[in-house]
Structures are given as structure tokens and as C-alpha cells.
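Welcome! Here is a short briefing to read alongside the structure, grouped by topic so that you can look things up as you go.

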Amino acid sequence: MSRIIFFLPFICYLIFMGMATRFTFGVNFAFYILVGAFFISGLLLSFNKVLGGIVGILVSIYIIDLGTQNSMHDIEIWVGAILMIFYGVCLLHLLIKRKKEKNLQTS
């Protein structure tokens with residue numbers, strides 16, 4: 001996987017939510033926290049750290065929780081589920097990559 005793929009949720013969230021909050025009354029503090037968490041997650045994943053996938057999964061759980069609190073916006077549940085699958089695949093990719101590297105070193 002190319003390293004830029006790990007930053008895909010960060011870029012998408014920044015663009016779409018940035019445009020959505022531009023036309024509202026302002027940006028709340030949770031927006032900055034989520035953007036920072038997506039960036040940290042992408043950065044850790046690009047350095048082959050498993051913690052990046054765990055941070056991404058925790059953020060997606062938070063987004064799913066936001067969707068369950070407000071019954072009018074079910075899109076947050078779907079976005080959180082897609083993000084959870086994305087970070088799960090990235091985490092699985094890192095673990096398989098580490099196992100292959102470990103097998104090559106022992107051979």
C-alpha cells in the first residue's frame with residue numbers, strides 16, 4: 001500500500017467537513033480533535049506503527065456513537081462503519097507485512 005492511502009480519511013474529512021462547517025455558524029472543538037486524530041493515525045500507519053490503526057478504529061467508534069445519539073443523521077453510522085473497515089484492513093496489512101519481514105529475516 002502506498003503511504004498516502006493512510007492519510008485518505010484525514011484528507012476526506014478535512015475537505016468535506018471543512019466545507020460543511022464553512023456554511024454553518026462555526027467549527028466546534030470536536031472537529032479539530034477528529035482532524036488531529038485522523039492525521040496522527042495516518043502518520044503512525046505510514047511509519048508502520050500498529051497504534052495508528054487502533055487510533056483510527058477508536059475514532060470510527062466515536063463517529064458511530066455520534067450517529068446513534070442523533071437519530072436524524074444515520075450517515076455518521078455508515079461513515080464510522082466504513083472507516084472501521086478501512087482501518088481494520090490497514091491494520092491487517094501492517095501485521096501481514098511485519099510477519100513477512102520477520103520471516104525473511106529469520107531465513
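A residue is called buried when its relative accessible area is under 20%, exposed when it is over 50%, and partly exposed in between. Please keep in mind that this is a predicted model. The protein has four helices and zero strands, and buried residues make up 28% of its 107 residues.

**The overall picture**

- Starting at the N terminus, the elements follow the order α-α-α-α.
- Of the contacts between residues at least 6 apart in sequence, 60% join residues at least 24 apart.
- The protein exposes about 7,400 Å², and carbon and sulfur atoms supply 73% of that area.

**A nonpolar patch and Ile15**

- Look on the surface for a nonpolar patch formed by Ile4, Ile5, Ile11, Ile15, Phe16 and Met19.
- Together, these patch residues have about 560 Å² of accessible area.
- Ile15 has a relative accessible area of 44%, so it counts as partly exposed, a class that lies between under 20% and over 50%.

- Met17 has its place in helix α1.
- With 31% relative accessibility, Met17 is classed as partly exposed.
- Leaving out residues up to four places away in sequence, Met17 touches Cys12 and Phe31.
- Met17 and Val35 are 18 residues apart in sequence, and their C-alpha atoms are 9.6 Å apart in space.

- Ser46 belongs to helix α2, which covers residues 29-46.
- Ser46 counts as buried because its relative accessibility is 6%, and the limit for buried is under 20%.
- A polar atom of the Ser46 side chain lies 2.7 Å from the backbone oxygen of Leu43.
- Apart from neighbours within four places in sequence, Ser46 is in contact with Arg3, Phe6 and Phe7.

**Aromatic rings**

- The count of aromatic pairs comes to five.
- Phe38 and Tyr87 form a stacked aromatic pair, with 6.5 Å from centre to centre and 10 degrees between the planes.
- This pair links distant parts of the chain, as Phe38 is in helix α2 and Tyr87 is in helix α4 (residues 75-106), 49 residues apart.
- Phe38 and Tyr87 are both buried.
- Ring pairs also link Tyr13, Phe38, Phe86 and Tyr87 into a cluster.

**A loop residue with a positive phi**

- Asn48 is found in the loop between α2 and α3, where α3 covers residues 50-69.
- Although Asn48 is not a glycine, it has a positive phi of about 60 degrees.
- Is Asn48 buried or partly exposed? Asn48 is partly exposed, because its relative accessible area is 25%, and buried would require under 20%.

Technical notes. Residues numbered from 1 in each chain as written. Predicted model: local features only at pLDDT ≥ 70, side-chain atom pairs only at ≥ 80, totals over all residues. Heavy atoms only, no water. Patch = residues over 30% accessible without salt bridge, like charges linked within 9 Å, V, L, I, M, F, W, Y side chains within 5 Å. Areas by Shrake-Rupley, 256 points an atom, 1.4 Å probe, with all protein chains shown as cover. Salt bridge = Lys/Arg side-chain N within 4 Å of Asp/Glu carboxyl O. Buried < 20%, exposed > 50% of the residue type's maximum accessible area, 1.4 Å probe, protein only. Helix = DSSP H or I, 4+ residues; strand = E, 2+ residues; numbered from the N terminus. Polar contact = N/O pair within 3.5 Å; in protein donor to acceptor, adjacent residues only side chain to side chain. Contact = heavy atoms within 4.5 Å. Phe/Tyr/Trp six-rings, centres within 6.5 Å; stacked < 30°, edge-to-face > 60°.
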